[in-house]
Structure formats: structure tokens, C-alpha cells
Amino acid sequence: MTYMTRTLLAAMMASTIVAGTATAATHPETGEELAADQTFTNWTLDNPSSFDPQVVEDSDGAAMVRNMFEGLMNQDADGNLVPGVALDYSVNDDKNVYTFTLRPEAQWSNGDPVVASDFVYAWQRAVDPELASPYAWFMELMSIENASAIIAGEMPKEELGVKAIDDHTLEVTLSASLPYFATMTTHSTTFPAPQKVIEEFGAEWTKPENIVVNGAFILEDYTPGERIVQVRNPEYWDNENTILDKIETLVVTDQNQALTRYLAGEFDRIELPAGTYPKMKAEHPDEAVSVPWLCNYYYTFNVSDSGPEAFKDVRVRQALSLAVDRKVITENVMQGGQPEAYSFTPAAVAGFEPPKSAMADMTQAERDAKAKELLAEAGYGADNPLTFDMIYNTSENHKKVAVVLSQMWKQKLGVQASLANMEWKTFLDTRGRQDFALARGAWCGDYNEASTFLDLLTTPSGYNDGKYSNTEYDELIQSAKTAENAPELYTQAEAILAEEMPVIPIYHYAGVMMIDTDLKGWPYQNVERNWYGKNLYKVAE
């Protein structure tokens, strides 16, 4: 939608309200009649980890943050870069200095202008050991000059390679050329932060009564375990061209209950419970949706010093992976079009070629036989059964997968796996402290490039929860950042993972949802599934 057409829409809507006529506003491009109530009622499985851009670490929480804060660049419905706070950017010949030009009309919800120093403050904050951002490693991954040393506590945060040339010019210096750097600025960790508000309220700055934002919506209410309400931010630079008035996200930890409430008309969008997609597609063909999603689903072994001795034996890890019948999980449990995973990186990632997989070429009977052989070689069998605990965060879908996995291992290998589910924040803490044996994992790409997945398993990664470490693997990933043959190096790295099996890839995600037909503008073609409330609207039913 162009600026002029959106302005026209805003004028039409305003004139309708002022005149008090019965004429309904229509979408300026499609001609659709717009609903009088522009409230989008969304669903989430759990409370967001945070509303702080430099602290949030879950995908639903990041979506809420994305609607309240705007970074340098945004994405369109196809995942292409479009201007955010930055109107444009340039890069030097060596491709290691990026200069962003900020729009002068951008401002915070308290009326203060958004300036380059707001990004400098936010980025320094993200690498500051004092904050201990769970995404500090992402700033390091962006190759920003001195990020690694600052995170390690070896340099002051002021030495980070980012500076405000003036209020509307931000310069970023990289330690190495990174051709996809600009795409990484759509990530929430890179969003600006209001320094004076954070300094005044400290950790409580994100409470509804304190928060100051620069995005299209502002936090009006947050009742943990119940709802998050975001309303239009009248100070947002493009507010007059935003159609939605409110995003109300309800917390429902039981996905079957969420589906029941959706069918009763309470939600505009939900994620479908495992196994329900075929029935919903048959009964509600215009509302049930399955689209590619740049995410993986896996289980990670704790191979750190605190992990089980058994998992330090690659034969045990390989055996457990081989015995997983992925087709049963994708076709009988999930039933939503999820592809089986034999690589950590989804095939949907741009420019990525998965390696040839010996496991994928075997029949399941052959895999099971090999699994038994490997486990016996490692010293486990009827006289010495392998036992361990496995954890997952509370979700009916995760429970179903965990139960099926444990049953497969018991029936095929005599393995005893004890299951434990945990509330989301407890789960994150437990997994992050390596207080587990086997843990559910999932990762959604922060940008559309293979490194967003493969970096996760490098030695220094903040989300390498199993503490896997392989020097050759680390070197491949590091080399790929500046190599012309990066796809080839990524494929080699995946081959190492397939051999050493630090994680068990189960499936790659599909976005399996119910979306009400009156909600328009959802970015189905964006495989990162980054959606922006400012681009959504509701039509009259």
C-alpha cells in the first residue's frame, strides 16, 4: 500500500466518523468493506519471555515486540527488506561499513524523536555483560566490530562498532564483510531502546504504565497467564496509515481448548493442535492453512560435563536418532504438512543444499537394526538398559511428540525415557543451565540464511544448550561468513552434525493455523513468518 493510498484511507475513515454517515470505509486498493471493529484477537501458548527488545527470546514474544518497536529495516509480505526507521542504507566497497539514514519523522510514544543514538544505546546494551542479554551472541554473529571482546568482558561497551554520525545517520563497522548484514536488522535485538525511560524505571520499564515505544502499537495491558493488549500508538510516524486499532493476545496453554474457542468465534488466529489439520481443512477449507516456516524441531543431547555419560558416546546418540520414525510423527501425529528432518537446517532456507543423508536413504527397518547394533556396541541392552530423563515445555503438541519418541525407543531398543514437562520460563532456565539429559529444542530463523541455524551449534553460541563443541565445525561456520562458496561449507557442516548427532532433528515446521477469513494481510509467503500489525486489517463479514 502506497503512502498516498494509505493517507486516502485514513482520510476516508476519519471523514466517515466525523460525518456520522452509514457509509463504511473500504480498503483503498482492494475495495473491501472494512469492519467497524478493528481488533485482532490472537493466541499464544504462554506468557512472553519479555517485552524488552534486548531481552525477549521467544518467537511469540518477539512478534509482540515487533509490533511495539521498529528497527532499521522491516520485511514485506514476501520477506523482502523494506524501510523501517531507516529510509535506506549504503555500504562501502569493502562491505564492512554500513551507513543507515534514519527518517526524521520517526518518534517515540512520549513524543521524543527517534535518533541514531537510540540504536547505539540499544546495541551497546545488547552486548553489555551487565544486562546478560540471552541474544548477546546474535550481535556477535552480526560481526559488529568488538562485539566478541565486549561480551567477554574484555572491552567497554562504548567500543562497539556503532556510532551516531548525527541524529539521522547511523554508522556500523563490521569486523568482516557480511553480505546479509542488513537482513539481520529486522531482528528484535537490534531495535532501538529509550535510554532515559530505562534509566528511570530499570527492569520495570516495560510495564504498561512505564513503557515507551517507537512502533505502531503500545502496550496497554498485561495480565500474566491471561492477556496482552496492544493498542495503536498515535505517535507512530505512520499511524494514520495503520488500520488495526488493537491486538489482543490471549494466553491459552491448552491448544485443543484454543481451537474450541476459535471455532466459537473468540479468536481470529490460532496455531492448530497436532493431528487436527486434515479435519479442519475438510470442514473449514478457507480458514485452515499450512505454509512453509523457517523453523526446525529437534531434541538436544546434554554433552556437557553435567550430562549423562552415555550421551558422550556418539553411538548412543546415533542409535536414538536412527530409531526415530519421523514419518510416524509428521504423518500420524502432526498431520500438518511438516517435512521430516534429516538435517538441522530446513531445506526452505535460501541457497541451502542439504547434504546427502545416509539415514534418509535407509528404510526404517534398516535404521532400527543399525540402532540396535550401535547401542549394543556401546554396552546397552536388556542386561544394562539405557535410562534418561527428557524434558519439554508445556504443550499438548510437545507432549504427543515426546510420548511417541519414548515409546519408539522403549519398543525398539528397550530404552527407558522418563518425561517431564515444564512451564516455559522454567524450561528455558533449566535447559540453559544444562540441568537436563535430553531436551526439546526448536529454532526459527532470525534471517533467511543457513548460518541462522548452524551458528546455534557452534561452541560459543548462547543457545548451544547441549554444549556441543567441534573445532572443525566451528571453523567451517566461521569461514562461511565471508566465503564465496558459503553454501558448500554449510553442507559440509551439516555432514559433521549428521555424523556426530549432537541433536536429533525430528521435523521442519509448517505454519499450521486457523485464520478467520475476515483477517487480511497475513504474510503467508514470508517463510520467517514475521508479521506486522500495521499491515493487517479486518473486513466486514
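Visitor: Why is Trp443 called buried?

Guide: Its relative accessible area is 6%. Buried means under 20%, exposed over 50% and partly exposed in between (1.4 Å probe, protein chains only), so Trp443 counts as buried. Keep in mind that this is a predicted model, where local features need pLDDT of at least 70, side-chain atom pairs count only at pLDDT 80 or more, and totals for chains, interfaces and linings use all residues. Residues are numbered from 1 along each chain as its sequence is written, and side-chain values use heavy atoms, leaving out hydrogens and water.

Visitor: What makes Trp137 and Trp443 a tilted aromatic pair?

Guide: Their centres are 5.8 Å apart, with 45° between the planes. Rings of Phe, Tyr and Trp (its six-membered ring) pair if their centres lie within 6.5 Å; planes under 30 degrees apart are stacked, over 60 edge-to-face and the rest tilted. So the distance makes them a pair, and the angle makes that pair tilted.

Visitor: Why say that Arg103 lies over the face of Trp237?

Guide: Arg103 is 3.6 Å from the ring centre. A charge sits over a ring if NZ of Lys or CZ of Arg is within 6 Å of the centre and within 35 degrees of the ring normal, so Arg103 qualifies.

Visitor: What about Arg66 and the ring of Tyr532?

Guide: The charged end of Arg66 is 5.9 Å from that ring's centre, so it falls within the 6 Å limit too.
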